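Here's a quick briefing for anyone opening this structure for the first time. Have a look at the sequence and the 3D view, then read on.

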Amino acid sequence: MNFFPIDFLDKLHDGYQKAVSIKGRELLLIQEKGSHYILENICPHAGYPMVNGKIIEGQIRCPMHGYLFSLVNGACTFVTEGPCRGLHTYQPVIRDNQIGLML
Ligand code: FES
């Protein structure tokens with residue numbers, strides 16, 4: 001496993017979202033209420049990018065059809081057009097002044 005940085009820690013702030021592609025995975029780094037989350041950036045419902053989805057009470061809303069997913073564990077908590085699996089989540093890792101993940 002190697003460390004893949006996504007951004008410098010001091011660039012993050014509440015409301016921050018950044019989409020990146022690392023080792024063929026589409027990922028989304030989020031800061032919300034001082035906590036950091038890394039989620040799959042592709043909505044499992046119909047493949048729309050999750051980036052810029054509104055954050056609502058610890059969940060991210062897919063910009064396309066409004067499905068909600070937990071920031072903590074990726075679970076799908078609200079659907080509009082039928083069931084959906086959750087988003088994959090990844091453990092954020094901080095090294096020096098960088099935040100990223102191990103892959
Ligand atoms: S593509 Fe995300 S809710 Fe449909």
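**The big picture**

The protein chain has 11 strands and 0 helices; both are DSSP runs numbered from the N terminus, with helices being H or I over at least four residues and strands being E over at least two. Going along from the N terminus, the elements read β-β-β-β-β-β-β-β-β-β-β. Bear in mind that this is a predicted model: local features need pLDDT of at least 70, side-chain atom pairs count only at pLDDT 80 or more, and totals for chains, interfaces and linings use all residues. Residues are numbered from 1 along each chain, as its sequence is written.

**Overall shape**

- A compact globule of 103 residues would have a radius of gyration near 13 Å, and the protein chain agrees, with 13 Å. That radius is taken over C-alpha atoms, and the globule rule is 2.2 Å times the number of residues to the power 0.38.
- Along its principal axes, the C-alpha trace spans about 45 × 30 × 20 Å.
- Of the 103 residues in the protein chain, 25% count as buried. Buried means that 20 or more other C-beta atoms lie within 10 Å of a residue's own, exposed means 12 or fewer, and partly exposed is in between, with C-beta atoms placed from the backbone.
- Take the contacts in the protein chain with a separation of 6 or more: residues 24 or more positions apart account for 33% of them. Two residues are in contact if their C-beta atoms, placed from the backbone, lie within 7 Å.

**The sheet with β1, β11 and β10**

- Here 3 strands make an open sheet in the order β1-β11-β10, with antiparallel pairing. Strands pair if DSSP finds at least two bridges between them.
- At the edges sit β1 (3-8) and β10 (93-95), each pairing on one side only.
- From one strand to the next, the twist averages 40°. For such angles, axes are lines fitted to C-alpha atoms (for helices, over the stretch in contact), and the angles run from 0 to 180 degrees between N-to-C directions.
- β10 and β11 (residues 98-102) run antiparallel and are joined by 3 bridges. R95 has Q98 in β11 as its bridge partner.

**The sheet from β5 to β8**

- Another open sheet has 4 strands in the order β5-β6-β7-β8, and its pairing is antiparallel.
- Its edge strands are β5 and β8 (76-78), and each pairs on one side only.
- 2 bridges join β5 to β6 (residues 59-61), and these strands run antiparallel. For I56, the bridge partner in β6 is Q59.

**E40 in β4**

- You'll find E40 in strand β4 (residues 35-40).
- E40 counts as partly exposed because it has 18 other C-beta atoms within 10 Å.
- Setting aside neighbours within four places in sequence, E40 is in contact with E26, L27, L87 and H88.
- T80 is 40 residues from E40 along the chain, and their C-alpha atoms are separated by 20 Å.

**Two loop residues with positive phi**

- K33 sits in the loop between β3 (25-32) and β4. Its phi is near 50°, a positive value in a residue other than glycine.
- K33 is exposed, since 9 other C-beta atoms lie within 10 Å.
- N52 belongs to the loop between β4 and β5 (55-56). Phi of N52 is near 75°, again positive in a residue other than glycine.
- N52 is exposed too, with 10 other C-beta atoms within 10 Å.
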